[in-house]
Amino acid sequence: MSFIDAFSHRIRSVFRAGDAARERDAEFAFHESLAARDLTPAHGAGARDAARREFGNATYLKEEVRWMGAMRWIDALSQDLRYGLRTLVRTPLFSVVALLSIGLGIGANTAVFGMIYKVMLARLPVPHSQELVMLSLQDVRFGSYFSWEQYQAISRAVGPNVTAFGTTSADSVEIDGTRLTIDAVDLVDGGFYSVLGIAPAAGRLLTMADNEQGAPVLVTSYGFATRHFGSAQAALGRTIRIGTTPFSIVGVTQREYEGLVLVQPAEVIVPQRSALLFQPAQGSRDVPFFILARTRSENSPEAAAILAAYRQCCEAGGLWSPSSGDPRGHRAVLVNIGHGISAGKADVRGFLSGALFALMGGVVVLLLITCTNVGNLLLARAMTRTREFAIRLSLGASRARIIRQLLVESSLLASLGAIVGIVAAVWGTAILARNLPDGIAPISRLVVVRPDTSILLFTVAVAGACVLLFGAFPAIQATRLDLTAQLHGTAASSLARKRLNRSVVALQVALALVLASASGLLVVTLRNLKSGLASLDPARLLVVELDIRGTPHANAHMEPLYDQLMPQFRRIPGVRSVVGTTVVPALFGGGAASVVDVPGFESAPDDEMLVGETQVMPGYFGAMQIGLRGRDFSVQDARGGEPVAIISQTMATQLYAGRDPIGERFRWRRSDGPPTSFYRIVGVAEDVKYFDLRAAPPRMAYFPWAQAADLDQLLGGRPLFAIRTIIPAAHVVSAAREIIDAELPGVRIRRDQSLSAAAALVLGREQALATLALVFGAIAIALAAIGLYGVVSFHVSTRRREIGVRIALGADRGRVVRLILRQSFVVILVGAVLGVPLSLIAGRALGALLYGIAPWHPLPVLGALVVLLAVGTLAAVVPSRSAARVDPLIAMRAD
Amino acid sequence: MPRPTGEILPGTLEMLILRTLTVDRMHGYAIAQHIGRTSQEALRVEKGSLYPALERLLRNGWATAKWGKTPTGRNARYYTITASGRRVLGEEISAFNEMYAAIARVLKTS
């Protein structure tokens with residue numbers, strides 16, 4: 001059977017490559033010996049040589065027979081792999097350095113891609129997630145929320161295909177009398193889980209019946225169940241107390257499913273109607289709901305039905321009262337949420353995407369530099385093997401064969417690097433996620449890389465690109481040989497190679513310049529953002545926020561509470577003053593924004609006349625170190641006195657253009673009633689950024705604490721203190737805690753940290769970006785310097801003879817040093833010419849992330865250039881000094 | 001016109017080897033000797049083309065190879081023609097004969 005014979009021959013030649021080679025050797029030897037015997041009479045003693053001559057080039061023959069071997073590429077590949085491994089083991093230092101640098105480069109890329117994947121590409125672990133849509137209003141500033149009643153109106157019209165969920169905060173969530181740190185509870189419609197079509201990990205999920213009865217049952221996430229009860233199964237039947245009502249756990253969702261909203265895991269989920277059990281007064285009345293549905297496509301009948309129902313509800317009116325946010329006039333669309341909802345408290349996708357793409361750019365550039373460095377090392381090593389290649393080529397191995405061998409070696413390096421990279425990415429991000437500061441801790445779930453298919457595919461692609469980057473050039477370059485010259489040992493190192501080497505380093509310099517100038521832009525941005533708070537001396541300002549809800553003090557009134565605590569805080573050594581407030585710069589909004597009416601000022605048509613409305617104690621401006629013109633509030637500004645206000649400089653400039661606002665009056669317009677009475681302006685305060693450090697300072701109006709209509713309602717059970725200290729605020733934190741524990745046992749401290757620490761969290765993204773960019777920039781410059789050092793010292797070593805002659809002819813050593821240095825300056829200069837426009841492009845790409853500095857600002861680029869020049873000169877000085885020390889006698893005798 | 005170099009027409013070496021193997025199983029050297037002898041030394045099989053050709057035969061399943069002892073007790077690799085090798089040989093020979101006849105006619109008429 002011919003094909004069986006052929007097949008068995010193929011298999012044999014693959015699996016027994018070593019045996020086959022030995023067989024061939026034996027067969028050829030046998031042939032030669034017979035030929036020698038036959039030739040003996042004619043040729044005498046030289047017979048064997050004659051036979052060998054007749055036999056021809058044995059190595060060539062072996063190569064050719066071997067080349068023909070079936071499935072020869074597998075055979076050859078395994079040979080190449082073994083050879084590559086041996087080469088790596090023979091040069092351990094090179095291998096370790098190359099592996100670590102490639103590994104970390106690939107690891108960084110994998111980690112950042114992992115985050116991008118989770119934020120932007122990953123699909124919800126829900127069957128047919130591409131069908132999930134959310135009803136969304138266009139041009140709405142505060143998100144596409146609906147009230148429960150609005151949802152029901154749509155649901156009645158459309159049927160069980162739509163569902164809704166929302167998140168509310170409970171006064172307290174307890175297990176066995178222990179209060180948990182979470183207070184977010186998800187409310188879902190009865191049909192929520194059947195629309196999603198997901199299965200529980202244990203027990204059952206919530207149903208229509210649960211919601212109709214408003215039963216005290218709940219479902220937890222898998223993570224919540226294992227954290228608090230050990231396993232999903234163990235959680236079933238246990239009790240969680242929400243507010244004062246015990247709820248029993250009837251089911252646990254699956255591990256992969258963590259809710260629909262990015263970064264905000266749905267941990268405790270109750271039927272919507274059951275909210276009445278822990279919020280008897282309002283139930284789910286003020287809870288914003290997302291309306292979800294499944295549609296097969298944008299134009300499907302289901303989609304049309306939902307939009308029609310929405311329009312009908314708008315036309316019917318009534319239900320869509322102003323207090324629940326008026327959706328009339330806004331066009332509704334169905335937005336696909338197969339990738340998760342990026343809304344809620346923070347638009348994670350919008351917040352992170354720019355920073356992540358910037359990071360991705362950074363790590364890609366870093367990997368490029370690493371690859372060029374490893375490529376240079378490989379080239380240098382390949383060059384030392386040119387004699388070996390020349391011999392193999394002249395013995396009949398084809399050039400393609402040797403190139404392939406070199407590519408196999410670099411693929412081996414890249415594959416091992418990819419393994420190192422994945423391990424580094426998984427471990428590194430796990431460690432990072434555990435050490436994130438509290439402020440950005442919620443994104444820890446996005447940071448952790450789990451090696452799933454898409455991540456692995458990405459890593460493999462990156463590793464493949466690496467092979468092309470650092471493997472292909474050396475392989476092609478090193479095998480382009482003048483065989484005769486090589487074998488005679490007279491080959492001069494080729495000019496082309498020197499040029500390639502130098503242009504590679506120039507490229508590194510250019511890329512390092514890009515990273516370094518980008519890091520400059522980001523560092524300046526961070527400094528600019530921080531300087532917005534600098535005048536407040538944030539390190540000596542302690543912010544304390546308490547939460548009395550769900551504690552024995554839940555019904556305490558605010559005024560006596562402040563009277564009780566403030567004198568105690570003032571007695572702490574190191575404290576200068578203490579005030580109560582409803583706002584803190586950078587942290588607690590600008591209070592509610594209301595529409596203002598300023599007599600004698602006509603607003604522009606597009607100006608909504610919104611002004612931040614906030615209440616502060618007398619002494620607030622002094623404690624905050626906010627400059628004040630006019631007078632501060634005093635104890636005389638009490639209830640019953642003339643209503644007074646202090647306005648911010650921005651409000652004064654914009655609404656009292658050209659007039660002195662002090663002594664003037666303004667009032668609030670109310671949408672649900674007549675305007676308020678007038679307030680007399682007694683002072684103008686310097687501008688402070690209350691919420692968005694990037695935005696222009698807001699218009700603010702401050703009112704005296706004592707004139708507030710309902711302080712309890714204003715603070716919502718969360719009293720807020722600002723404590724000015726004369727020593728660093730961190731030193732008085734423990735004393736403040738002791739006072740709170742002694743005076744109000746059981747009260748939760750939501751925040752007690754210095755304003756600088758709190759602001760660092762607000763600026764977490766900028767801080768992280770600037771820090772990483774600096775690290776990347778430093779690594780890039782170091783790698784470029786190493787590359788430069790390598791090129792210059794190689795250059796010196798090839799020109800030893802020439803330098804020797806120059807010195808012998810009387811060139812002084814300073815001249816030699818300058819000669820070599822000039823070479824390195826040329827390389828840096830070429831890199832700079834290439835890098836400056838690239839840096840400007842990179843700055844432009846950073847665009848929206850920058851603050852207070854133009855993307856094309858010359859300072860970061862120039863700064864980076866100076867640093868590069870300094871480090872580059874340093875890297876070139878060492879080899880050039882060794883050039884100056886060349887002994888002409890030895891150098892000229894060397895050849 | 002005897003070819004002084006004893007070179008074999010391209011593509012015919014496999015045919016010659018297969019034909020030789022129909023006599024008996026043989027090792028490589030014996031195959032070369034046999035072709036030389038039967039052609040009265042007009043054809044010389046270069047070892048450099050013999051072994052690649054044998055490898056091709058093995059790959060196509062037209063021959064098999066097995067190690068065995070020579071009459072003098074030495075180890076040699078013996079090649080045997082397979083059934084499919086015989087079939088291919090038949091086709092090759094008839095194709096060659098047709099070609100040979102055609103060439104001969106052209107040479108005669110010119």
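A: One more: helices (H or I, at least four residues) and strands (E, at least two) are DSSP runs, numbered from the N terminus. Before we use them, note that this is a predicted model: local features need pLDDT of at least 70, side-chain atom pairs count only at pLDDT 80 or more, and totals for chains, interfaces and linings use all residues. Residues are numbered from 1 along each chain as its sequence is written, while chains are lettered from A and ligands numbered from 1 in the order in which they are written.

Q: OK, so what about strand S5 of chain A, buried or exposed?
A: Four of the five residues of S5(A), which covers residues 184–188, are buried, so the strand is largely enclosed by the rest of the structure.

Q: Which strands does S5(A) join up with?
A: Strand S2 of chain A (residues 162–169) runs antiparallel to S5(A), with five bridges between them. Strand S10 of chain A (residues 268–271) runs parallel to S5(A), joined by three bridges. By the way, two strands pair if DSSP finds at least two bridges between them.

Q: Which residues sit across from A:Leu187?
A: A:Gly166 has A:Leu187 as its bridge partner in S5(A), and A:Val270 in S10(A) stands opposite A:Leu187.

Q: What does A:Ile291 touch?
A: Leaving out residues up to four places away in sequence, A:Ile291 touches A:Met134, A:Leu135, A:Phe146, A:Tyr151, A:Ile154, A:Val162 and A:Ala164. Touching here is contact, where the C-beta atoms of two residues, placed from the backbone, lie within 7 Å.

Q: How many residues does the largest nonpolar core have?
A: It has 227 residues, and A:Ile291 is among those with the most contacts inside it. Helix H20 of chain A (residues 495–534) gives the most to this core, with 18 residues. A nonpolar core is a set of buried Ala, Val, Leu, Ile, Met, Phe, Trp, Tyr and Cys residues joined through C-beta atoms within 7 Å.

Q: Switching topic: which residues of helix H15 in chain A are buried?
A: In H15(A), residues 386–394, A:Thr386, A:Phe389 and A:Ala390 are buried. Seen down the axis, they fall within an arc of 100°, so they line one face of the helix. That arc is taken from the directions from the helix axis to the C-beta atoms.

Q: Why would they line up like that?
A: An α-helix has 3.6 residues a turn, so residues three or four places apart point the same way.

Q: Last one: what's the strand order in the open sheet of chain B?
A: The order is S1-S3-S2, with antiparallel pairing among the three strands. S1 (26–27) and S2 (63–69) are the edge strands, each pairing on one side only.

Note on methods:
Buried ≥ 20, exposed ≤ 12 C-beta atoms within 10 Å, placed from the backbone.
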